[in-house]
Every structure is written in structure tokens, then in C-alpha cells.
Amino acid sequence: MNLGHKKMLLHTRTRVFSRYYYGTSAGRLQEAVKLFDSMMDRGLQPDVVSCNILIDGYRKNRLYRDGRMKTANNLFNEMQTFGLSPDNVTYGTMLDGYCKNGSIEKAIELFESVENTGILANVQMYNILIQRLFQAGKLEDARKLFHKIPEKGLVPCVVTYNTMINGLFRSKMLLEANDLIIEMEKRGCVPDAITYDTIIKGFLLGKETDTALQFLREMRERKFVPSNSVVSLLVSTLSTNQLKDL
């Protein structure tokens, strides 16, 4: 088999492999694993896309509930033996897997190792880790990581700001959250429906009802609709007269 034909066959199998995995809501991981193994048996070295798909499957699939990150990590390490270098998608998938499985220290270690590979961590990776740091009660670490984003020449996106604002509200830091809301718009990042939901919830729970209603009016002016959870919180928090004025 010549090199050109082999590359074409590998590309075709990768597409089929992707369809196997994404073909159902369950992911059909077992079929994907079998196809991956058959590719290896036929002497077809996998590409980064195939490995990324399988790593993503391992980290999420219930069949690997007890050892899914261990299995994902094994393939992550094996990529080097295939002559492959993990990319941003690989690192982001592994990072998300460690975070969701409660392995925050491993996630931090992996994140810090990315730069040594010559790959620049993207904003999505920062978002994943910032969210987990807040969840783990590591407020200062989350703050420091957020401030590193522009230092690395990256621009925080709306998800970054939403994550930070939510974390600050949960930490009862209403003034800092409000400052970040102002900064967000000054930097040209337009709030979305999730931003407003987060802000309104935060101020309502912080007993700053007038401020919450101010943002609710702004939310409506921008044609966003509050989520059911925000509506329920408004109903349970506001007086009858306040509700009539909405």
C-alpha cells in the first residue's frame, strides 16, 4: 500500500470512526474502540482526531465510570508512541475530564505542563480550570488565573466573564462582581442571557433587589428572556407590588 493510499484510507476511517462515536446519544464507545483497534491491527497509525474522539469518549462514558480518566490518560500517554503530539483539543478534553472527576491537582499539573510543549493554552482551557477552582473554594487561585489571560496575549470571552462573575457572587463578593460586569462591557465583551441570569440571581441572593431589577430591565431591553430559575427566584423574593411593576 503506497503512502498516498494509506493516508486516504486513514482519513476515511477517521470519518467513519467519528460517525461511530457521535452516531447515538450514548456515543457507541465500544464500537469506536473496536474500530480503533482494527485500524491498529491493519497497520494504520491513528491520527490526533481519532485519539481525541476516543479520549473524549473515555472521560464521559459510564462504562468507564471507575477508571475512565485512567483509561483516557493511558491513551493520552500512548499518543507519543504513535508519533503524535497532543493538541489544544486533547489538552482541553483531558483538563475537563480531570476537573469533572474531582482531580483538581492533576488538572493544574497538566495545565502547567502545556506551555512546556510549545502549545499556548487557549481561553477554553482557562475557563475550565477557573470554574473548577471556584468550585473547590480556591478563590485567589481562580483570580490569579483570570488575570494571567491578558498577560498571555489572550482575550477573555463571555464564558470567562460569566464564570468569574458567578464565582464572585457565590463567594459573596458583590462589589467585585459588579466591577467585573463594568469591565466586561468596557472591554467590548457583550453580556449574554447567561450573564444576566447570573447577575440577577447574584444580586437577589445578596439582598440587592433594586440592582437586580435594574439588570432585569437591561436584560429585557436587550431582548433576552430570564430563565425559569430566575423567574422562580423573582417570584419568591419580590413583594406583590414589585411583581406587578415587572
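**Entry 1: helices 7 and 9**

I began with helix 7 and helix 9, which pack at an angle of about 10° with their axes 9 Å apart. The axes are lines fitted to C-alpha atoms, for helices over the stretch in contact, and the angles run from 0 to 180 degrees between N-to-C directions. Helix 7 is therefore roughly parallel to helix 9. For that wording I use these cut-offs: under 35 degrees is roughly parallel, over 145 roughly antiparallel, 65 to 115 roughly perpendicular, and the rest oblique.

I then listed who touches whom, with contact meaning heavy atoms within 4.5 Å. Helix 7 brings V123, N127, I130, Q131 and F134, and helix 9 brings V159, T160, T163, M164, G167 and L168. By class I noted six nonpolar, five polar and no charged residues. Here Ala, Val, Leu, Ile, Met, Phe, Trp, Tyr, Cys and Pro count as nonpolar, Asp, Glu, Lys and Arg as charged, and the others, Gly among them, as polar.

A note to myself on the model: it is predicted, so local features need pLDDT of at least 70 and side-chain atom pairs count only at pLDDT 80 or more, while totals for chains, interfaces and linings use all residues. Residues are numbered from 1 along each chain as its sequence is written, and side-chain values use heavy atoms, with hydrogens and water left out.

**Entry 2: the chain overall**

I counted 14 helices and zero strands in the protein chain. These are DSSP runs numbered from the N terminus, helices being H or I with at least four residues and strands E with at least two. Of the chain's 246 residues, 43% count as buried, meaning under 20% relative accessible area, with exposed over 50% and partly exposed in between (1.4 Å probe, protein chains only). Among contacts between residues at least 6 apart in sequence, 58% join residues at least 24 apart.

**Entry 3: helix 8 and its partners**

How do helix 7 and helix 8 cross? Their axes come within 8 Å and cross at roughly 160°, so helix 7 and helix 8 are roughly antiparallel to each other. Y126, L129, I130, L133 and F134 of helix 7 meet L139, D141, A142, L145, F146, K148 and I149 of helix 8. That contact has 10 nonpolar, no polar and two charged residues.

Next I looked at helix 8 (residues 139–151) against helix 9 (residues 158–170). This pair packs at about 155°, axes 11 Å apart, which makes helix 8 roughly antiparallel to helix 9. I found L139, A142, R143, F146 and I149 of helix 8 in contact with T160, Y161, M164 and L168 of helix 9. The tally is seven nonpolar, one polar and one charged.

**Entry 4: the core**

Which residues touch the most other members of the largest nonpolar core? L129, I130 and I200 do, in a core of 64 residues. Helix 7 (residues 123–135) gives the largest share of this core, eight residues. Such a core is a set of buried Ala, Val, Leu, Ile, Met, Phe, Trp, Tyr and Cys residues joined through side-chain atoms within 4.5 Å. Not counting residues up to four places away in sequence, L129 touches C99, I104, A107, I108, F111 and L145.

**Entry 5: T209**

Last, I checked T209, which is found in helix 12 (residues 209–221). T209 and L238 are 29 residues apart in sequence and 8.0 Å apart in space, C-alpha to C-alpha. Leaving aside neighbours within four places in sequence, T209 is in contact with F203, L204, L238 and Q242.
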